[in-house]
Amino acid sequence: MSEQAAPRRRNRGRYEGDVPREHYLNVAYGLKSWLLTVDHKRIAILYLLSITGFFAIGGLFAAIIRMELMTPTGDLMSSEVYNRVFTLHGVVMVFFFLIPSIPAVFGNFFLPMMIGAKDLAFPRINLASWYIYTIGGIFTLAAIIAGGVDTGWTFYTPYSSTYSNSAVALTAIGVFINGFSSIFTGLNFIVSIHKMRAPGLTWMRLPLFVWAHYAASIIMILGTPVVAIAIFLIAVERLLGVGIFDPALGGDPILYQHLFWFYSHPAVYIMILPSMGVMSEVIACFSRKRIFGYAFIAASSLAIAVVGFLVWGHHMFVSGQSAYVSMVFSVLSMLVAVPSAVKVFNWLATLWRGSISFETPMLYAFGFLGLFTVGGLTGLYLGTLATDVHLHDSYFIVAHFHYIMVGGAVMGYLAAVHFWWPKMTGRMYSEFWGRLSAGLLFIGFNLTFFPQFLLGYMGMPRRYHFYPDEWQVLNVLSTAGASILGIAYLIPIIYLVYSLRYGPIAGPNPWHATGLEWTTASPPPQHNFETTPTVTEEPYDYSKAIENVAITPGAGPESPPSPAAPRS
Amino acid sequence: MSQRHGPVTAAVITGSMPEMDNDHGPLQHHFDDMAQQNESAALGMWLFLLTEVMFFGGVLTAYAVCRYLFHDAFAEGASHLDVQMGTINTIILIFSSLTMALAVRAAQMSKTKLLVGLLIATMVFGGAFLVIKGIEYEHKWVEHHVPGKYFQYDGPMANQVHLFFSFYFTMTGIHALHMILGIGWMIWLTIRSWRGDFSAAYFSPIEMTGLYWHFVDIVWIFLFPLLYLFGAGAGAGH
Ligand SMILES: [Cu+2]
């Protein structure tokens, strides 16, 4: 396995070995062993299950929205109910799916493994973060039962203060509580990356997934407390009648928008940076090439985290803020597009003359590249002052941020699911169904959201369920696309669950990938590695052969000492 | 390296503040040595305090904007605060910081009884602060200065004075909540100190709690002049 010519293609042969006798999934059984676990891998699984649940709830609300919009009249529900449906879609998807998605599942699972650690620095805070997430989720679900919330996911005052007659306080408290799970996750990541790296793992040898999470964590710990206080003040305003955002009592509703977007613009990067980290891993692996411009991709993550804090005013161009402030925010918004573009160009350069293969994760990565680029470029229309006045609060912006959030973050999430599923479960899923649903997702997504660009450009405002008859064709197209999208979300659930029992055994490294997480068994043992790994080279060295070797079968804490795991 | 066995206590999920220690022997299984563990705890605590700075920073920014806009009304509102009680509370908190700092020193020198005594002193000072704060709140209630339904104020700037009191109660309320959480945490630490968990070899939880406590004190050092002293020169003696 040592010095042989780099294979242009991997041999896609079936793995001959067996799953390890003991691994993190079977060291203990029972509900208690899961609910009280401090193993980062098990906590990641807890997150995976709850996040999937919230994604389903958010998706259900999306389906109701698209059903209502099939006809120009509001015939399915009243305006009041429609307000609640799109609000809950937004709240659930943003705060309970997109923000935790990749960090809480794949960051939790793989960041410690990628840095060669046994766990995150604070395992119990990690578990606490899941409980906090769950409690926040319960509050929000309780709000649905208590009559829903009708403010839009942004909780803008005075919709959320003076003019709301729904369960705003309950939802706000849920989101407030949930913020702390994000803070704890970010804090854990930063400390772990600083203090827990394996011997030889210098900063410039870190996988880009880790760099991306480092940058996202900075935003989590600096931004989240600001939205926490803003939402806390909303809850206090509703419950106790203080008037910080209420002009009738001397307060200022625009102040809320400033506090909210100070977090919620950077929050976009909490959602997208981890996804970009996944892209770097997947694209390098399936191009069989060292990633192009490693230092630029790493630095651009940090640049996004920093500059991302200085652009919030682009959400408030029509709020009456000073024109000069708007100009500054507009320029800075253009600026923050630069590091994102740096990444995209570096990925393209990685693909260039690579030995590309089209496994499922790679298909999602291609989807990401296309959709994120469209989302990013349409963002320029919205960051430009004059065009934003026309497009503000129209379906154009709905389409724009869905291209970023679904086209970017969700594509990245699904790429991660398919890339690391063999490592997490030890089993391969059906490649055929994987590719099929990736293709369906791409088609369904574009059919859903591209018409919305046109609708927005023609002037259809967001958050209304009545519209002129001539827009029906595009709306029906969008709904049809959403149905395809829904199916493309459901198929993976089926074949992934099926693979748990019937999937072929993956082996430690089915993709022949670099990275410490692939040097241990699949599923990994309880403490990740038999012995603490030592890193001697830069990441993404795909110039040499990497094989799916059997690593210490039966690996586990109790297994007899075995010879060092063969690594190629 | 010790491996962790046995059930994890329910204290795990309280999560009111970062928990950097371990009930099952000082060194946790995933760290190589105590130095790494202590450095991680310290970095974690500083990052947590950074989030706290941003948390208070949000409401302080809002306060700064409104105070700039409604300067006269805020000065008038501030003149209704009891500077005397505020000053006494400031002194009490500074003393509690002193006893907390001495408690860390006592832990470093493995003086268990002194450590317990100083922790209790810190909690007593903290408790005294909260009692005085409660008395102040009660006065405001009697005077109908608590924002909301029962707020009463005569004069052309009533709305803005209401806003001032909204900020006053929100900011001091959040601060008091932080003190309550800190004291609750310290009760647990006192029990552990009494058990003899801490010594020169292992005192990182005491040190981290000290950092937190000093931070909460510093927040007050900002709140006191911003809220109380602002109006002291403008028509005091209402
Ligand atoms: Cu933005």
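## Chain B: burial and fold

Of the 238 residues in chain B, 51% count as buried, a term that means under 20% relative accessible area, with exposed meaning over 50% and partly exposed lying in between (1.4 Å probe, protein chains only). This is a predicted model, in which local features need pLDDT of at least 70 and side-chain atom pairs count only at pLDDT 80 or more, while totals for chains, interfaces and linings use all residues. Residues are numbered from 1 along each chain as its sequence is written, chains are lettered from A and ligands numbered from 1 in the order in which they are written, and side-chain values use heavy atoms, with hydrogens and water left out.

The secondary structure of chain B consists of six helices and zero strands, where helices (H or I, at least four residues) and strands (E, at least two) are DSSP runs numbered from the N terminus. Among contacts (heavy atoms within 4.5 Å) in chain B between residues at least 6 apart in sequence, 77% join residues at least 24 apart. Helix α6(B) is mostly covered, with 18 of its 25 residues buried.

## The contact between chains A and B

Chain B brings 45 residues to the contact and chain A brings 43 residues. The area buried between them is about 3900 Å², 73% of it from carbon and sulfur atoms; buried area is the accessible area (1.4 Å probe) that two parts lose on being put together, summed over both. H30(B), M54(B) and F55(B) supply 15% of the area that chain B buries against chain A, more than any other three residues.

One salt bridge is counted between the two chains, the term requiring a side-chain nitrogen of Lys or Arg within 4 Å of a carboxyl oxygen of Asp or Glu. The side chains of E39(B) and K195(A) form a salt bridge at 3.3 Å, N to O. On the side of chain B that touches chain A, α1 (34-69) and α5 (158-195) of chain B each supply at least two residues, and α1(B) gives the most, with 16 residues.

## Backbone features of chain A

The peptide bond from T157(A) to P158(A) is cis, with omega near 0°, and P158(A) lies in the loop between α5 (123-145) and α6 (168-195) of chain A. F155(A) is placed in the loop between α5 and α6 of chain A; its phi is near 55°, a positive value in a residue other than glycine, and at 0% relative accessibility F155(A) counts as buried.

Phi of D393(A) is also positive, near 55°, but D393(A), in the loop between α12 (385-391) and α13 (395-425) of chain A, counts as partly exposed because its relative accessibility is 41%.
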